[in-house]
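Subject: A structure for you to look through

Hello,

Here is the structure I promised to pass on to you. Please open it beside this message, and then read the notes below with the residues in view.

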Amino acid sequence: MKKFLSVLTVAMLLAVPLRVYAENPVPEVSARACVLIEEKTGKILFEKNSAEKLPMASTTKIMTTLLCIESGGLDDEFVVDSSAIKVEGSSMGLVEGDVVTKRSLCYGMLLPSGNDAANAAAVKIGGSIEEFAEMMNERAEQIGMTRTCFVTPSGLEGEGHGSSAYDMALLAREALKNPVFAEICSETEAKVRFGNPPYDRWLKNTNKLLTMYDGVKGVKTGFTDEAGRCLVSACERDGVSLVCVTLNDKNDWEDHSRMYDYGFSNVTSAELSSDEIYPLTIVGGTEETIPVKAQGSITIGDDGKLMNKISSEIIMPPFVYTNIKLDDKVGEMRWYYDGRYIGSLDITAMKNARFESVEKSEKNILEKIKDFLFNN
């Protein structure tokens, strides 16, 4: 929808306590670098060297999978590139001549962490590993990952390949907005079809945290000799979602659990919503305006320091032409934390707008257009 009008409003936070937990001290984490953020806002709740650029191993495949999903045609079959799948390390089991889909490669990347799947996806989408790496870096820039350089789609060492814990948290936050990605990374195992000819087989997820800590919904493990153990995870409780990243961490399962204990004990569930009613000008109707209102709410985790950095804006046209019906979407209310987009609520009509006569309607719309052009 074209942005005709932007009005800054004050956010309304309705704090609702999460379940009561014992007070948790600041966690001691063995990782070289780590960060814990609130998923919706991206606000840092805990960190250690979170801006340091380090190798991140197969957590790289979060970006590769996201680009694979965003490229479309997930269920179109094709034959994997024979040279692309000849790669060392973890594998989903691709062999020369296999027929796959992009969807099966996504499962192969996020569950068994297949380097063969990552390379196959990169060549299919980008034409080559190098061209795909450029696509990865362009997408990273869009997300706001300022300390990241992608060289390989798999996370195997490449000169300059690395990221920061905070950048990887921003990447996970972006990827989890995609429902296909969110569904795949939350599976402990999945039946996937590929081969020559294709047949069903089971893939298992390397992310043990999915069954170790209540509420974990992803995201990706990683390990190389250079990077050490790396883990990006996300966990949801009572509607509040947190994202945790550790890089070069020998005790990643325990550290993520401790960081989640700390995070959930220090946030409350808060709803972003608005009861304000706005008039929307109607052209060609029997009424000059109709009332409209933002519907629903967005749940975030508030650590008590969010209120003065939450804002919203109204996106609506200056007028609309009938026929508008009750509950029709006419705009949206977008919410931000410190300028970073959180999410949006639909603004809908609170009543019907009826037609005028054709002659009167045409005259009315011309007058409204002239008024808008000469007075804005």
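**What was found**

D338 is exposed, with a relative accessible area of 53%, which is over the 50% that the term requires. Please keep in mind throughout that this is a predicted model. D338 lies in the loop between β18 (329-337) and β19 (340-349), and its phi is near 50°, a positive value in a residue other than glycine. A second residue of this kind is N248, which is not a glycine and yet has a positive phi of about 55°. N248 is found in the loop between β11 (240-247) and α8 (252-265), and at 34% relative accessibility it counts as partly exposed. These angles deserve a look because most residues other than glycine have a negative phi, and most peptide bonds are trans.

On the subject of peptide bonds, a cis bond joins N196 and P197, with an omega of about 0°, and P197 lies in the loop between β7 (189-195) and β8 (198-204). Another cis peptide bond joins G218 and V219, where omega is about 20°; V219 is found in strand β9 (residues 216-224).

For the protein as a whole, there are nine helices and 19 strands, and of its 376 residues 53% count as buried. Among the contacts with a separation of 6 or more, 66% are between residues 24 or more positions apart.

After α1 comes G72, whose phi is positive, near 80°.

The crossing in which α1 passes α5 is left-handed. On the α1 side the contact is made by I62, M63 and L66, and on the α5 side by M168, L171, E174 and A175; by class, these residues divide into six nonpolar, no polar and one charged.

With helix α3 (residues 115-126), the axis of α1 comes within 10 Å and crosses at roughly 40°, so α1 and α3 are oblique to each other. Here too the crossing is left-handed as α1 passes α3. This contact is made by K61, T64, L67 and C68 of α1 together with N115, A118, A121 and I125 of α3, and it has five nonpolar, two polar and one charged residues.

Finally, a word on the cysteines. The structure holds zero disulfides. C106 is in no disulfide, and the nearest cysteine sulfur, that of C68, is 3.7 Å away, whereas a disulfide would need the two sulfur atoms to be within 2.5 Å. Is C106 buried or exposed? With a relative accessible area of 1%, C106 is buried, while C149, at 26% relative accessibility, counts as partly exposed.

Conventions. Residues are numbered from 1 along each chain as its sequence is written. This is a predicted model: local features need pLDDT of at least 70, side-chain atom pairs count only at pLDDT 80 or more; totals for chains, interfaces and linings use all residues. Side-chain values use heavy atoms; hydrogens and water are left out. A crossing is left-handed if the near helix is turned anticlockwise from the far one by less than a right angle, and right-handed if clockwise. Helices (H or I, at least four residues) and strands (E, at least two) are DSSP runs, numbered from the N terminus. Contact means heavy atoms within 4.5 Å. Ala, Val, Leu, Ile, Met, Phe, Trp, Tyr, Cys and Pro count as nonpolar, Asp, Glu, Lys and Arg as charged, and the others, Gly among them, as polar. Buried means under 20% relative accessible area, exposed over 50%, partly exposed in between (1.4 Å probe, protein chains only). Axes are lines fitted to C-alpha atoms, for helices over the stretch in contact, and angles run from 0 to 180 degrees between N-to-C directions. Angles under 35 degrees count as roughly parallel, over 145 as roughly antiparallel, 65 to 115 as roughly perpendicular and the rest as oblique.
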